[in-house]
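Grab a pencil and work through these exercises with the model open beside you. Try each task on your own, then check your steps against the solution.

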Amino acid sequence: AVLSLAIGIGANTAIFSLVRAVLFRPFPVQRPAELAAIYTSDFSGPPFGASSYPDYLDFRDKTTAFAGLAAWRTFSAAVIVNSNAERANGTFATGTYFQLLGVGAALGRAFTSSEDAEAVAVLSHRFWQRLGGHQGIVNERIRVNGQPFTVVGIAPPEFTGVQANQPDFWIPAATLQQITPGSNALRARGSRGWRVVGRLAQGTTIQRAQAALNVVAGQ
């Protein structure tokens with residue numbers, strides 16, 4: 001009984017710590033109250049499921065309820081820096097990602113929507129420190145799963161992404177084709193691995209945004 005109680009308290013403490021760290025910590029982005037997570041569900045998945053890239057494009061192009069949208073998708077990668085190999089958590093992110101969140105760079109710059117298919121990378125501050133924390137890494141080449149990318153910036157230390165597992169680096173969404181040739185993750189409506197976040201347009205309520213997205217989803 002004592003052992004069961006100890007395990008139960010330990011598990012609850014761990015879960016509460018995770019929830020507090022993920023949900024209740026201050027979110028280091030501009031005007032976080034304007035942000036909304038967007039989920040897609042279908043007959044085969046959960047009600048708060050991930051979206052496809054075509055879903056994201058339709059939500060972005062067919063509604064004015066949001067001032068902007070961004071999408072991202074996580075993956076595991078082998079990163080080579082100066083002949084040293086590191087296992088890392090990567091994120092494919094649309095070029096609107098950093099601008100939408102209002103996140104700049106501690107060193108260098110973030111990539112933009114004009115670089116959605118460019119081979120550029122932003123490193124997390126933690127990953128940069130793991131690699132030695134050298135300022136000269138900006139504008140240097142690294143290899144992600146064998147493909148060359150130019151580091152353009154280092155994220156601020158307080159920014160650890162918008163998902164529970166902290167990414168080590170971000171690269172533009174369209175480079176997914178370079179990393180995984182033959183993948184249909186940018187084209188297939190049923191390839192639901194993308195997370196979407198939007199910033200509500202001025203004067204738009206979450207209810208109006210929901211109604212607008214329902215129309216697009218129905219189409």
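**Exercise 1. Find where Ala185 sits, decide whether it is buried or exposed, and list what it touches.**

Step 1: Look up the stretch of chain. Ala185 is in the loop that runs between helix H5 (176–179) and strand E9 (195–200). Helices (H or I, at least four residues) and strands (E, at least two) are DSSP runs, numbered from the N terminus. Residues are numbered from 1 along each chain as its sequence is written, and side-chain values use heavy atoms, with hydrogens and water left out. Keep in mind that this is a predicted model: local features need pLDDT of at least 70, side-chain atom pairs count only at pLDDT 80 or more, and totals for chains, interfaces and linings use all residues.

Step 2: Check the accessibility. Buried means under 20% relative accessible area, exposed over 50%, and partly exposed in between (1.4 Å probe, protein chains only). Ala185 has 3% relative accessibility, so it counts as buried.

Step 3: Collect the neighbours. Contact means heavy atoms within 4.5 Å. Leaving out residues up to four places away in sequence, Ala185 touches Tyr53, Arg73, Leu176, Ser191 and Trp194.

Step 4: Compare sequence with space. Ala185 and Pro54 are 131 residues apart in sequence, yet their C-alpha atoms are 9.2 Å apart.

**Exercise 2. Work out which residues of helix H2 are buried and what covers them.**

Step 1: Go along helix H2 (residues 53–61): its buried residues are Tyr53, Pro54, Asp55, Tyr56, Asp58 and Phe59.

Step 2: Look for the cover. It includes strand E1 (35–38), E2, E9 and helix H6 (206–218).

**Exercise 3. Count the salt bridges and describe the pairs Asp58 with Lys62 and Asp168 with Arg130.**

Step 1: Apply the rule. A salt bridge is a side-chain nitrogen of Lys or Arg within 4 Å of a carboxyl oxygen of Asp or Glu. That gives 11 salt bridges.

Step 2: Take Asp58 and Lys62. Their side chains meet at 3.6 Å, N to O. Asp58 is buried at 18% relative accessible area, while Lys62 is partly exposed at 49%.

Step 3: Now take Asp168 and Arg130, whose salt bridge comes in at 4.0 Å, N to O. Asp168 lies in the loop between strand E7 (147–154) and strand E8 (169–172), and Arg130 in helix H4 (residues 125–130), so this pair ties together parts that are 38 residues apart in sequence. Asp168 counts as buried at 2% relative accessibility, and Arg130 as partly exposed at 41%.

Step 4: Look for shared partners. Salt bridges that share partners join Asp55, Asp58, Lys62, Arg189 and Arg192 into one network.

**Exercise 4. Count the aromatic pairs and sort two of them by geometry.**

Step 1: Know the rule. Rings of Phe, Tyr and Trp (its six-membered ring) pair if their centres lie within 6.5 Å; planes under 30 degrees apart count as stacked, over 60 as edge-to-face and the rest as tilted. The count comes to 13 aromatic pairs.

Step 2: Phe75 and Phe92 are stacked, at 4.1 Å centre to centre with 15° between the planes. Phe75 lies in strand E2 and Phe92 in strand E3 (residues 84–93), so the pair ties together parts 17 residues apart in sequence. Both Phe75 and Phe92 are buried.

Step 3: Phe98 and Phe111 are edge-to-face, at 5.3 Å centre to centre with 85° between the planes. Phe98 counts as buried at 2% relative accessibility, and Phe111 is buried at 2% too.

Step 4: Follow the links. Ring pairs join Trp72, Tyr97, Phe98, Phe111, Phe159 and Trp170 into a cluster.
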